[in-house]
4 protein chains.
Amino acid sequence: MNTRTLRQLTYQRLEIGAGRTGRLLNAALMLLIALNVAGVILESVPAPQRTYGLWFRLFEIVSVAVFSVEYLARVWACTESERFASGWQGRLRYMLTPMALVDLFAILPFYLGVFINVDTRFLRALRLMRVFKLARHSTAMDLLLTVIRNEAAIVASSLFIMLIIIIMAASGIYLIEREAQPDAFQSIPQAMWWAAVTLTTVGYGDVIPLTVLGKVFGLVITVAGVGMVALPAGILASGFSQELLKRRTEYQLKVKESLADDSLSRSDLRELRSKALELGLSQEDARMLLQSETTRPSAATCPHCGKEIS
Amino acid sequence: MNTRTLRQLTYQRLEIGAGRTGRLLNAALMLLIALNVAGVILESVPAPQRTYGLWFRLFEIVSVAVFSVEYLARVWACTESERFASGWQGRLRYMLTPMALVDLFAILPFYLGVFINVDTRFLRALRLMRVFKLARHSTAMDLLLTVIRNEAAIVASSLFIMLIIIIMAASGIYLIEREAQPDAFQSIPQAMWWAAVTLTTVGYGDVIPLTVLGKVFGLVITVAGVGMVALPAGILASGFSQELLKRRTEYQLKVKESLADDSLSRSDLRELRSKALELGLSQEDARMLLQSETTRPSAATCPHCGKEIS
Amino acid sequence: MNTRTLRQLTYQRLEIGAGRTGRLLNAALMLLIALNVAGVILESVPAPQRTYGLWFRLFEIVSVAVFSVEYLARVWACTESERFASGWQGRLRYMLTPMALVDLFAILPFYLGVFINVDTRFLRALRLMRVFKLARHSTAMDLLLTVIRNEAAIVASSLFIMLIIIIMAASGIYLIEREAQPDAFQSIPQAMWWAAVTLTTVGYGDVIPLTVLGKVFGLVITVAGVGMVALPAGILASGFSQELLKRRTEYQLKVKESLADDSLSRSDLRELRSKALELGLSQEDARMLLQSETTRPSAATCPHCGKEIS
Amino acid sequence: MNTRTLRQLTYQRLEIGAGRTGRLLNAALMLLIALNVAGVILESVPAPQRTYGLWFRLFEIVSVAVFSVEYLARVWACTESERFASGWQGRLRYMLTPMALVDLFAILPFYLGVFINVDTRFLRALRLMRVFKLARHSTAMDLLLTVIRNEAAIVASSLFIMLIIIIMAASGIYLIEREAQPDAFQSIPQAMWWAAVTLTTVGYGDVIPLTVLGKVFGLVITVAGVGMVALPAGILASGFSQELLKRRTEYQLKVKESLADDSLSRSDLRELRSKALELGLSQEDARMLLQSETTRPSAATCPHCGKEIS
């Protein structure tokens, strides 16, 4: 096996996740990421940290080694893709893609910690960033990122409006409650804590308007503001539904394409399965869409013209 | 009446709920389940437990007896269905269906409690599982399960993302508040309690960031995270609407079918009513759908071709 | 003017709200209802009750007198409607309509209070029921009632499921926290208070799980349950949108009808305005719908066939 | 350059924001507004206020000077617009438009403060109103205002219904808890604080029903009422989605128009970009809409007639 073939193999297994080896490799990397997240959480608890400190350290070194090899392999093999084919120049461009940067930041803090003297606890928490490496493997995260990108403008708008409402509410309560509760409502920034806690309906109850006017103002602002604060959620939820609808349609098109020659071969089915996985559809969902397509009568008459629909 | 006929009758009355006897039988079983749930709740209150303990015990024995007979009858009669027709082999397959397992787990703890020495209070709470027996009778539960199955992938995705956000929020507040409140934010798992209580907007107020930086972080994480946490609700709600729309369309198709011979006989109406019940539509809803179908003008022109729509 | 004419006039003014007198009469009745609600609220405050008690009493007597006359007039005049045309038999049927019953219950407590000795404070609160009289005048309430009726089955289902989730959560926390907090989690009914306060995300903070297992259970139940509890809201909101869409379409049809003779006369406009009012559309909304209809090109070609759309 | 030309230039730069100067001018004004808001918030904190009080005062004078010049320039130049072309009469009409009034109220308090002796802290908070000047520059605010106008009738309805539910809940809890907690539930207006805090799910926990009946009532009202209170949010969110859909369609129409001559010139692209900005679409969104339009196959067959779609 020459170098060319090895690089091609690495690219196909690691980046595309093709074949049995590819799928196993990706599953192993996902497991390691999950174990890393669990490790960071456990390491913060004093008792296990004292007892198993050395093991945690060892696990960290092994993890960083694996992730480093993974990163180097990806950078080395990326030239197999058409997008980054142009040698070292292509590799540099690959290294600046979001996912490659996430891979780099997952290992960089460890190497920095060796040379520079940083607070270890802060460094440890930084390891949590490794969870973003999952985005490469998780269709859920991919779906969420797509939806957020689609609805970015409108979500940003509603967050901006929310900020203005919080500032207005904070100013109002500051003017009203300042004298009754000089500690809690000493300034507008302080009053913003109350405004945010109230308008998001968290309502800890640590700061509450006490004067009658303050209560009336708080009541009005809450009833009116609840709608505004719930806006981003509503917009994202409807964005999710629409994106999923779009993906279902895309899958249906693929099904129709596969059915064009009036038969569904084994390779067709395999392709459809990988398409469903790529689009983040559940197996159940994909099966039902496929079924509804195959059981549909092949010829139907147009409700308007009475002609057959081709 | 020979055995064959009796089994057929049992199947039709119990499993299908056909005829007046079938409907009465099903209603009686639902009532018994509801009484069982009420019983478990009441039995946990000390006063009635002391006074009426014997009656509770008696009611439990009668209930288990009835449910046992029901379970055996179902297993015995299931071979009448085409799916489980193949004798004892079919019966075994039936016993592994989700609903049959629910039926089994509804009575098993009682028999176990006779032989093994288990905490009676834990055993009593297990009886609450009987509420899932309702799924067989309740179109509401059936509808919910359908929606959850349809939207499983996307709801799982958003729950997973929510978990990541909670972990991130917990790590952040742990780093910030650890020194100011060593008791409440001693470790990331402990900080996750604050993160979950805040991001779901429950906001008990037992743990609150006290430092300025902690408050700013809490404020930002809350405003940004509220949208994420409300996602599953929004997705399920839109899934509910879509499922109901689908069922309404299905009912309308049934209505059109019944109207194909230009008249609506009594048996047509009875069929439509049972269809509406099966689909979980309200009587009001079904009536309106039927009306809108019957009062529609029989001939209309196509907006495209100008021809009459047949 | 003979009796026949007077009854017709009463019916048209009071029930239909036709003409200037009718509109004034309805506005006056709405104002009186609003004042009654304000009165009940104010009367509960000790200070004004002591000072103006007599005036409150007087206002109550006048209100009941007016509402009694209104009720009698409605019952007397209802025979003008086709639905209740058959004399006293029709009147009886009218008296059993929901709105007539609301009118009756709005005055009945007063007359009962004269004869029977009831707690006056309870009687006073009952007067608040008069707010339902507004349903006759308010398109908002009418819209809400329509939506609730449309979505009744599905909202009832989700409320039922919510109840089951609350019972399950209460049983779980009862088993876990019973020994750590015997006061707060003494029985399942008591634990239901915690479950309901948590799952609706109200989160008072008066009862909180203290054990680690209880906190983990509480966290899981909250994250999973939040979606369920927000379901009715989501379903109602989407029902509202759909109902409004239906009403807009209905209005557009009316506009098209008015435009059939290629001109929009003054009486057409008046009719459209009253239609918009009846359907609960805002003036702005109605104006825009009308505009979009009138500025549309009168002839367009079908995107499919290339023929003109008639 | 004569006066006529200068006025035209002022109008184009300031009101339309045309050209590089126009864009810079608008950006500078937005920055000044943002700095003003930040200034009001900071000035409320005692420490910086004591140290930099003079600088805050100076910044306020400069801001008012700039806003005054801006206001006068707008009023002077508005006659360039066709709507307000008729000299001083047109200027008066312009001064009564909502945005011109906002501009006036942004500077008026300062001049009033010079002549009349008002509480400076109240006057300072009034400056926050300047944030509404952003509405002229922000497509987000413009979008929100459009949605609120579209859904005004239905949101007002649901707010009205919410008020009735709060009054009902307050009356109920007042009757039940009055004797157990005479301080917190002394009157219906006081009980409304509990009702609003509970039904909006804020749940501070400062006032809680203590009697068993009160808890049962609180539980029922919360579970049932949560849906009602979340209605405005749901309605606004779906309104947002619909408005955005409408704007995307409008953008697509513009794209189709630009593509009518089968090529996309540079001036076409510039026009499309400014259209996207005007409609509040994100760059990403606009790019995708454009792409989907240009890559669509030029000929497709109609599903009904089998003819090519022109």
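A residue is termed buried when its relative accessible area is under 20%, exposed when that area is over 50%, and partly exposed in between, with a 1.4 Å probe and protein chains only. The structure described here is a predicted model in which local features need pLDDT of at least 70 and side-chain atom pairs count only at pLDDT 80 or more, while totals for chains, interfaces and linings use all residues. Residues are numbered from 1 along each chain as its sequence is written, chains are lettered from A and ligands numbered from 1 in the order in which they are written, and side-chain values use heavy atoms, with hydrogens and water left out.

Chain A contains 13 helices and 2 strands; helices (H or I, at least four residues) and strands (E, at least two) are DSSP runs, numbered from the N terminus. Of the 310 residues in chain A, 47% are buried. The accessible surface of chain A amounts to about 16,100 Å², and carbon and sulfur atoms account for 64% of that surface, as computed by the Shrake-Rupley method with a 1.4 Å probe, where for residues only the protein chains shown count as cover. Contacts are defined by heavy atoms within 4.5 Å. Among contacts in chain A between residues at least 6 apart in sequence, 64% link residues at least 24 apart.

Thr201(A) is located in the loop between H9 and helix H10 (212-229), and it is classed as buried because its relative accessibility is 9%. The phi angle of Thr201(A) is near 60 degrees, a positive value in a residue other than glycine. Most residues other than glycine have a negative phi. In chain C, Thr201(C) occupies the loop between helix H9 (188-199) and helix H10 (212-229); its phi is also near 60 degrees, and with 10% relative accessibility Thr201(C) counts as buried. Gln181(A) belongs to the loop between helix H8 (152-177) and helix H9 (188-199) of chain A. Its relative accessibility is 14%, so Gln181(A) counts as buried. Leaving aside residues up to four places away in sequence, Gln181(A) touches Ile208(A), Pro209(A) and Leu210(A).

In chain B, helix H4 (residues 87-95) has Gly90(B), Arg91(B) and Tyr94(B) as its buried residues. These residues lie on the same side of H4(B) because they cover an arc of only 105 degrees around the axis, the arc being that of the directions from the helix axis to the C-beta atoms. Trp88(B), Gln89(B) and Leu92(B) are exposed residues on the face of H4(B) turned away from its buried side. An α-helix has 3.6 residues a turn, so residues three or four places apart point the same way.

Phe110(C) is buried at 18% relative accessibility, whereas Tyr111(C) is partly exposed at 35%. Phe185(C) and Trp194(C) form an edge-to-face pair at 6.4 Å and 75 degrees, and both residues are buried.

Definitions and conventions: Phe/Tyr/Trp six-rings, centres within 6.5 Å; stacked < 30°, edge-to-face > 60°.
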